[in-house]
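Keep the viewer open as you read.

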Amino acid sequence: MIHQICIPWSPCGGKYKNGLELRYALRSLEKHFQDDYEVTIISPKKPDWYHGKWVKQTEGKLKSALKLAAKEYPNGFFWWYDDCVLIKDQSGDTLRVTPCRQSWGKILTSWGRKLEQIRERLAKEGFKPWDYSKPHGPYWFDASMVDESFRDWPGMSGKFPFESWILSKRDWPRRFSVEAQYYGAFRNPPAEDKVFVNWCDRGFTPELIAWLEGQFPEPCEQEIETPTIEVHTLRYGSSWWIQACAPTLDKWVKKHNHKFRVWTDHDSKPEYPCPKFVEIDMLREFLAGKSEWLLYVDADVWVDPDAAAHPELKPGFHIMTDPPSKFARGWKKWATRNFGSQDLSGWTYKNAGVWMCDRDSAQRMLDVIKPPYVACMMDQNQWNLWICQAWKKGMTVHELPMGWNSFSGRMTKAHFQHIAGRRKAEKWNRLKAAGIIQDTENTEDMKPNYDMTKYPLFPSEWMQMDDRHVYLLHAAACSDWAGSRIAVEIGPWKGRTTTALIEALNIGKLDHLHVIETGPTPELHRVLACVNDPTKVTLHTTPSWESKIERADFVFIDGDHRWPALLDTLRALTWGAKVICMHDSQAYPRLDGCWGSWNAARLMKEHPDWTWEEDCEDRAGEKTFRGFFVTKRI
């Protein structure tokens with residue numbers, strides 16, 4: 001005889017959203033149920049890791065699941081909750097004797113009040129009431145018992161302790177004090193005479209989990225043995241696309257319970273030419289742990305909410321061929337020029353935005369990785385060289401399925417959508433319009449109003465401005481005011497903010513741009529070279545109060561944030577500015593060196609002839625608490 005066991009399950013996965021309670025229930029049955037049995041999970045969605053029978057529930061909750069079980073197994077089944085585990089050997093016949101309470105106890109909850117209603121009604125109808133509900137299972141029902149209970153009490157709304165109603169009417173065989181229940185802290189293991197253990201959310205503590213793990217450490221036959229995967233990503237700066245893509249990866253990792261490591265530019269080493277070379281250290285950290293697989297994901301990868309837990313796992317290194325590009329075409333010449341003669345025959349240039357490897361491949365990679373480190377396409381050129389070298393020495397390389405590193409140019413739905421290369425804003429909007437990706441919460445209020453990636457910028461650094469505020473600067477420069485449109489930027493440093501004003505100049509929103517920088521950087525010169533008409537930009541290497549600028553309509557102040565910020569503000573007023581923007585208007589006193597810009601913004605806020613707006617929200621992962629201030633002449 002095969003005993004049928006039905007377990008209702010919520011797709012949320014329990015207290016820790018990972019199905020751990022159900023795993024322990026299944027493991028306890030495999031260890032202690034002495035007869036043949038078959039488990040059926042009844043839920044709207046089948047657990048990803050579960051290998052067994054499943055009945056899909058399309059409506060309702062617990063009582064609807066009970067009706068489905070009765071329909072599936074009319075001759076009888078065990079009704080078993082996922083927070084009930086068997087801790088002693090039991091036969092099917094023994095388990096049909098249901099745990100029960102000898103007394104009804106105090107009424108402490110709304111559920112307890114419903115149980116009291118059942119007790120009163122049973123007594124009124126001439127049945128002896130028994131509390132089968134508080135022990136929380138397991139129970140044996142058949143279709144006639146379930147049909148009768150719903151016929152006699154059709155209301156049964158909400159959380160209804162129907163077990164006592166069904167079983168008391170049959171005077172069902174019972175046993176007492178066989179369950180250990182944990183509704184709070186786990187202080188002691190169950191006593192020797194206990195047969196079952198169950199708990200509530202509050203009682204499912206790390207201590208109880210540790211005890212359960214000790215009792216049931218091995219997966220059961222219904223569990224698919226999932227590989228241990230650790231996911232690594234690199235995030236630095238505050239670009240809008242990081243803020244848009246990062247939450248999607250975070251949710252996917254949490255959903256599939258992968259180990260997760262976020263690296264930043266602070267993890268980079270002095271000998272690395274760019275932060276992405278920390279991928280070398282990712283391999284080392286992976287091998288120092290116990291995970292079977294390492295998955296690397298770039299910060300500009302959008303992850304579909306329904307993405308699977310992992311691609312097909314064949315031993316080796318998994319990476320995808322790069323779309324045709326000048327880097328792919330010139331890679332072999334680059335490698336020969338920087339590293340001498342190399343055997344690169346048979347290798348096709350790969351994209352390093354997403355890759356995956358097992359432990360053997362990680363070690364083979366580290367065996368060939370060595371200085372000098374040369375950045376080109378950030379890490380990608382050198383990464384290709386190392387993978388090729390490891391491949392020549394016997395490492396197996398697989399083509400990563402397209403859906404795991406699909407590029408925006410393909411316009412196809414994929415697990416991982418790579419917003420790679422330049423013109424990210426344009427690619428994002430095109431994918432969104434096609435319904436391939438969706439805006440995240442972090443992009444709703446941070447729409448890029450121009451494509452910053454087309455400018456020759458270096459990675460963001462602490463003292464530079466968040467993309468969100470750079471876009472606000474561009475919007476301010478493009479806003480309406482009467483008369484001429486001459487702009488001044490004070491303190492551009494490496495030119496990150498200058499891109500906003502160059503863009504406004506190139507599209508005709510500004511007539512001329514004066515840039516004041518006493519120590520122009522090579523990076524700034526490269527940005528200034530992006531202007532369509534060089535005669536419309538003038539670089540000044542003296543402070544604002546010494547410059548020969550006669551007038552300005554729009555002034556952005558982001559130079560020395562101490563006393564010069566006050567002088568720069570006064571100079572903007574003498575130029576007759578109609579719009580003044582200022583960075584670090586709220587950085588003081590958190591940043592001591594910004595007292596001048598704080599006072600300058602305060603003075604403008606109190607000026608009766610000017611209106612103002614300010615964004616200084618303290619956002620996670622950004623530096624917007626420092627403040628971006630815009631004031632306009634009335």
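The paragraphs below cover strand pairing, helix packing and the cysteines. Bear in mind that this is a predicted model.

Start with the open sheet. It has five strands, in the order β3-β2-β1-β4-β7. The pairing is mixed. Strands of a sheet pair through backbone hydrogen bonds, either parallel or antiparallel. Which strands form the edges here? They are β3 (53–56) and β7 (139–141), and each of them pairs on one side only. Neighbouring strands of this sheet are turned against each other by 30° on average, direction ignored.

Now look inside the sheet. Strand β1 (residues 3–8) and strand β4 (residues 77–79) run parallel, and two bridges join them. Ile5 stands opposite Phe78 in β4. Helix α2 (residues 62–72) lies across β1, β2 (37–43), β3, β4 and β7. Its direction is at about 165° to β4.

Move on to another parallel pair. Strand β21 (residues 512–516) is joined to strand β22 (residues 537–540) by four bridges. His514 has Thr538 in β22 as its bridge partner. How does the chain get from β21 to β22? It passes through helix α17 (residues 522–528), in a β-α-β crossover that is right-handed.

Next, helix α7, residues 206–215. Leu208, Ile209, Trp211 and Leu212 are buried in this helix. Why do these residues lie on the same side of α7? Because they cover an arc of only 160° around the axis. The face turned away from that buried side carries exposed residues: Pro206, Ala210 and Gly214. What covers the buried residues of α7? The cover includes helix α1 (20–32) and the strands β5 (84–86), β9 (179–182) and β10 (196–199).

For Cys274, the nearest cysteine sulfur is that of Cys376, 10 Å away, so Cys274 is in no disulfide. Is Cys274 buried or exposed? Cys274 counts as buried, because its relative accessibility is 11% and the cut-off for buried is under 20%.

Cys530 is also in no disulfide. The nearest cysteine sulfur to Cys530 belongs to Cys478, 17 Å away. With a relative accessible area of 27%, Cys530 is partly exposed.

Conventions: Residues are numbered from 1 along each chain as its sequence is written. This is a predicted model: local features need pLDDT of at least 70, side-chain atom pairs count only at pLDDT 80 or more; totals for chains, interfaces and linings use all residues. Side-chain values use heavy atoms; hydrogens and water are left out. A disulfide is a pair of cysteine sulfur atoms within 2.5 Å. Buried means under 20% relative accessible area, exposed over 50%, partly exposed in between (1.4 Å probe, protein chains only). The arc is that of the directions from the helix axis to the C-beta atoms. Contact means heavy atoms within 4.5 Å. Two strands pair if DSSP finds at least two bridges between them. A crossover is right-handed if, with the strands pointing away from the viewer, the path from the first strand over the helix to the second runs clockwise. Axes are lines fitted to C-alpha atoms, for helices over the stretch in contact, and angles run from 0 to 180 degrees between N-to-C directions.
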